[in-house]
Amino acid sequence: VTPARDGRSGLLIVDDNADLLRTLIDVLSDEGYRVLAASNGRDALAALRSARPLPCVILLDLAMPEMNGEEFRSEQLRDPDLARIPVVGFTADPANRERLGAMKVDDIVPKPVSLDHLLSVVERYCGPNGDTVDG
Amino acid sequence: VTADSATTEKVWLAERQIALVRLFVVVANTLVYLFLMEKAGTVPGLAYAIIVVAFLYTAWVLRAEPYRRYAFLASSYFTSAGDTLLLIAWIYATGARSSPFYLLLYISISAVAFRYGVRETVAAAVLYAASYLALLVALGQVAGHVAEIVVRLAYVPLIALLSALMSREILRQTRSRVEIAERLSRETRVAERRSRFLADATAILTRSLDWEEISARVARLIVPTLGDNCVVDLVTSDGGLRRMAEASADPGKEALLRELRAFPMNEAEGSPTRRALATGQTVFIPNFDEASLRSLDRNDAYGRIVRAIAPTSSVSIPLISRARTLGVLTYGMDASGRRHDPADLALAEELARHAALAIDNARLYRDAQEAITSRDRFISIASHELKTPLTTLRLQAEGLLRQMGPSRGALDPAAQARRLTTIVAQTARLDELVSQMLDVSRISAGRLDLNLQPIDLGAVTAEVVARFEDQLSRAAASVSVSVAGAPVVGCWDPMRVDQIVTNLVGNAIKYGAGRPIEVAVSAGEGRARLVVRDQGIGIDREQQGRLFHRFERLVGKDAPGGIGLGLWITRQFVEAMAGTISVESDLGRGSTFVVELPIARAGVT
C-alpha cells in the first residue's frame with residue numbers, strides 16, 4: 001500500500017523561498033491536497049518524523065540553508081520508513097539534473113512550472129485531487 | 001698564446017720564402033755573371049763553393065725550422081750573420097771592389113728591414129758595411145776609390161731606413177685592414193647571433209599563454225647565453241613580488257635558487273630587484289661585493305644560500321609592457337667570472353621587452369577569460385534567481401485563474417487579496433533583480449553616473465526602514481534607528497544612498513535570525529557614518545575578505561536567495577561617492593557593517 005492510497009496522507013513541500021512555499025500551499029490546497037511545508041531539510045525531516053500518515057510525495061528544492069536537498073535526501077534514505085516516500089526534485093537550474101540523478105529522485109520538475117504540469121506530477125504519486133481531502 | 005704562435009708561424013713561413021729567394025738571387029747572379037763575362041774559366045772556384053754553401057744554408061733554413069729552435073732575436077742575428085758571411089764571401093769570390101754583386105748587400109739589408117725591427121736592422125747594416133769595408137781594406141782596394149766606397153757603404157743604412165719605413169707603412173695598412181675586417185666580421189657575427197637569439201626567444205616566448213611557463217622559458221634563454229644564473233619575479237595582484245622561475249648553469253645552484261622561494265619577497269627592500277621595480281630602470285652591479293650581498297640579506301638562512309651561490313655580478317631588468325612594470329628579470333655571473341659586455345646587456349633588455357610583452361599577453365588573455373567566465377556565471381546565477389519569483393508568479397496566477405473557472409467555489413476577498421499581493425511582491429522582486437543586473441552592467445562598463453544633491457542620511461535611513469515594515473513583521477524582527485546629534489546632511493546621490501541602506505538593512509533582516517537590528521547614523525571628522533548591526537548568523541572571518549567581491553554569497557549556494565551581488569554593488573556605490581565600507585563579524589554572533597561617506601563632498605558637483 002503506497003501512502004498515496006491512504007485516504008489521509010498529504011504532500012510535503014520543502015523550499016526556502018517563503019513566497020513560493022506559500023503559493024504551493026495555496027494552489028495544492030485549492031485542489032484538495034493536504035500540504036505539509038518546510039523551509040529547509042532539517043525542518044522537513046522533523047515534519048516527516050512526526051507526520052502520520054506519511055506524505056505521498058516530497059517536492060524538494062536543492063539550495064536551502066541549514067540542510068540542503070542532498071543532505072535531506074541521504075538522511076531520508078537512511079531511514080527505512082521514510083525511504084519509501086517518492087521524491088520530486090524542484091529546480092531552476094537544468095545543470096542540476098546530474099545532481100538530482102545522483103540523489104536518485106523519482107522525478108524532476110523545473111522552475112518555473114505550469115500549474116497543469118505540477119498537478120499532473122502530484123496526481124501521479126498522490127492520486128486524483130479531492131480524494132485525500134482532510135478537511 | 002694562440003696569436004703569438006700564429007705570428008711565429010707566419011714569420012717562419014716568410015723566412016723560408018726569403019731563403020728560397022736568396023738562393024734564387026745567388027743562382028741568378030751566378031748565371032748573369034757567367035753570361036756577362038763569357039769566360040766560364042775565369043770564375044773562381046770559391047764562387048762555386050759559395051753556391052753550394054748557399055744551397056746548404058737554404059736547405060738548413062727550410063728544414064731546420066730555426067724559429068722553433070731558437071729565440072726570435074737570436075735567430076734574426078744568427079741569420080744576419082750567416083747572410084753577411086755568405087755575401088762577403090761571394091763578393092770576394094767575384095772580385096771584391098770590382099764585383100757587381102755588392103748590390104746584394106742592398107737587397108739583403110732591405111730584407112732584414114722588412115723582416116725585423118729597428119735594432120736588428122741597425123745591427124745588420126753595421127755588420128754589412130763593416131764586413132765590406134774590412135774586405136776592401138784587407139785586399140788593399142781602398143786607395144783611389146774612397147768616394148765610390150763611401151757611397152756604396154752609405155747606401156746600406158739609407159736603403160735600410162727606406163725599407164724599414166716602407167715595411168712599417170705596409171704593416172700599418174695591413175693591420176688596420178685586417179682589424180677592420182675582423183671587427184666587421186665580429187660585429188656581423190654578434191648581430192647575427194643577437195637576431196637569431198631574439199627570433200628564437202620570440203618564438204619560444206609566444207608559444208605559451210601561461211606566465212609561469214613564459215618566466216621559466218626566459219630564465220632558460222638567459223642561462224647560459226647571457227648569464228650563469230637567472231631568476232624571474234612577477235608583480236602579484238596585491239602589488240607584491242612572486243618568484244616565478246629560476247635557472248642556473250649549475251644544477252646545484254639551481255636547487256639553491258629554488259630554496260630562496262621559501263623566503264617572502266616583500267622583505268627585500270633596497271635589493272637590486274626592488275630598485276629595478278621602483279625605478280623602471282635596469283640596475284647593473286658589475287662587481288657583486290660584500291655590500292651588495294648585504295643588500296639582499298634578510299636573515300642568516302637567506303644570506304647563507306646567497307653566499308653559497310656566490311654571485312659576482314647582477315643585472316636586474318624591469319619587465320615593462322604598456323607602461324606597467326610586470327616584474328623583474330634578474331641574472332648574473334658567478335664562478336665563471338664572465339663579464340657583461342654592453343651588447344649583451346642590450347640584448348638582455350631586448351629579451352626582457354619581448355618577455356614582458358608575452359607575459360602581458362598572457363595576463364590579458366587570463367583577464368579576458370575571467371571576464372567571460374564571470375559574465376557567464378553572472379548570467380547563469382541571475383537567470384536562476386529570476387526563475388524563483390517567476391515560478392511563484394506563474395503558479396499563483398494560474399491558481400487564481402483556475403479558481404475563477406466553473407465548478408469552483410469563489411475565494412473569499414481576503415484570500416484573493418493576499419494571493420494577489422504575493423503576485424505583486426514577485427514583480428517587485430523581479431524588478432529588483434533586473435535593476436541589480438543593470439547596476440552591475442553599468443558599473444562593469446564604468447558608466448555609474450552620480451546625481452549629487454544635499455540629502456539627510458538619517459531621513460533616508462528612516463524611510464528605507466519604514467519600507468521594510470511588512471517584511472519585518474513577517475520575520476518577527478525589529479529595527480531601531482538612532483541618529484546622533486544634528487541631522488547628518490551631505491551631498492550624495494539619493495538613489496544610491498537609498499540602495500546602500502536598503503541592501504544593508506535587507507541583509508540584516510535576511511541573515512539576522514529574527515533578532516533585533518540596530519541602525520545608527522552619526523557624523524564626525526567630516527564623515528557621515530552609517531552602522532547596521534544584526535545579531536544573526538554572522539560571517540566567517542576567512543570569508544570577510546571576499547565579502548564585497550562580485551557573486552560572493554558567503555553562506556554558500558544554499559543560503560537565502562540573492563545573486564550575491566548586493567554587497568558588491570553597495571561597495572561600488574560607496575566608493576563612487578569616495579566613501580568606505582567595512583564589516584566586523586563573528587560566526588553565529590551577528591555582523592556589523594559600517595559605511596562612511598565624506599560630507600566635505602558637498603562642495604563638489
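Modeller: A residue counts as buried when its relative accessible area is under 20%, as exposed when it is over 50%, and as partly exposed in between. The model here is predicted. By that cut-off, buried residues make up 56% of the 135 residues in chain A.

Colleague: What is the make-up of chain A in helices and strands?

Modeller: Chain A has six helices and five strands. Along the sequence, their order is β-α-β-α-β-α-α-β-α-β-α. Of the contacts in chain A with a separation of 6 or more, 67% are between residues 24 or more positions apart. The accessible surface of chain A is about 5700 Å², and carbon and sulfur atoms hold 48% of it.

Colleague: What makes you say that strand β1 of chain A is covered on both faces?

Modeller: A:L11 and A:I13 point to one side of β1(A), residues 11–14, while A:L12 and A:V14 point to the other. All four are buried, which means that each has a relative accessible area under 20%.

Colleague: How do you know that β1(A) and β2(A) pair, and in which sense?

Modeller: Pairing needs at least two bridges between the strands. β1(A) and β2(A), the latter residues 35–38, have four, so they count as paired. The sense is parallel, and A:L12 stands opposite A:L36 of β2(A).

Colleague: Which sense, and how many bridges, for β1(A) and β3(A)?

Modeller: Parallel again, over four bridges, with β3(A) covering residues 57–61. Here A:V14 of the buried set stands opposite A:L60.

Colleague: What hand does the unit of β1(A), α1 and β2(A) have?

Modeller: The β-α-β unit made by β1(A), helix α1 (residues 18–30) and β2(A) is right-handed. The term applies because, with the strands pointing away from the viewer, the path from the first strand over the helix to the second runs clockwise.

Colleague: Why quote an area for an interface?

Modeller: Because the size of an interface is often given as the accessible area lost when the parts come together.

Colleague: Why is the pair A:D26 and B:R418 called a salt bridge?

Modeller: The N to O distance between their side chains is 2.9 Å. The cut-off is 4 Å between a Lys or Arg nitrogen and an Asp or Glu carboxyl oxygen, so the pair qualifies. Between chain A and chain B there are five salt bridges, and over all chains the count is 39.

Colleague: What about B:R429 and B:E385; how far apart are N and O?

Modeller: They are 3.9 Å apart, which is within 4 Å and therefore still a salt bridge. B:R429 sits in helix α14 (residues 413–444) and B:E385 in helix α13 of chain B, so the pair ties together parts 44 residues apart in sequence. B:R429 has a relative accessible area of 22% and is partly exposed, whereas B:E385, at 12%, is buried. Elsewhere, salt bridges that share partners join A:R22, A:D26, A:D30, B:R418 and B:R419 into one network.

Colleague: Where do B:R353 and B:E350 lie?

Modeller: Both are in helix α13 (residues 342–404) of chain B, three residues apart, about one turn of the helix.

Colleague: How far apart are the closest N and O atoms of B:R258 and B:E254?

Modeller: The distance is 3.7 Å, and the pair forms a salt bridge. The two residues are four apart in helix α9 (residues 251–259) of chain B, about one turn. B:R258 is partly exposed at 43%, but B:E254 is buried at 12%.

Colleague: Is B:Q426 buried or exposed?

Modeller: Buried: its relative accessible area is 2%, and the cut-off is 20%. B:Q426 is in helix α14 of chain B. B:T391 is 35 residues from B:Q426 in sequence and 9.2 Å away, C-alpha to C-alpha.

How values were computed. Residues are numbered from 1 along each chain as its sequence is written. Chains are lettered from A and ligands numbered from 1 in the order in which they are written. This is a predicted model: local features need pLDDT of at least 70, side-chain atom pairs count only at pLDDT 80 or more; totals for chains, interfaces and linings use all residues. Side-chain values use heavy atoms; hydrogens and water are left out. Buried means under 20% relative accessible area, exposed over 50%, partly exposed in between (1.4 Å probe, protein chains only). Contact means heavy atoms within 4.5 Å. Accessible areas come from the Shrake-Rupley method with a 1.4 Å probe; for residues, only the protein chains shown count as cover.
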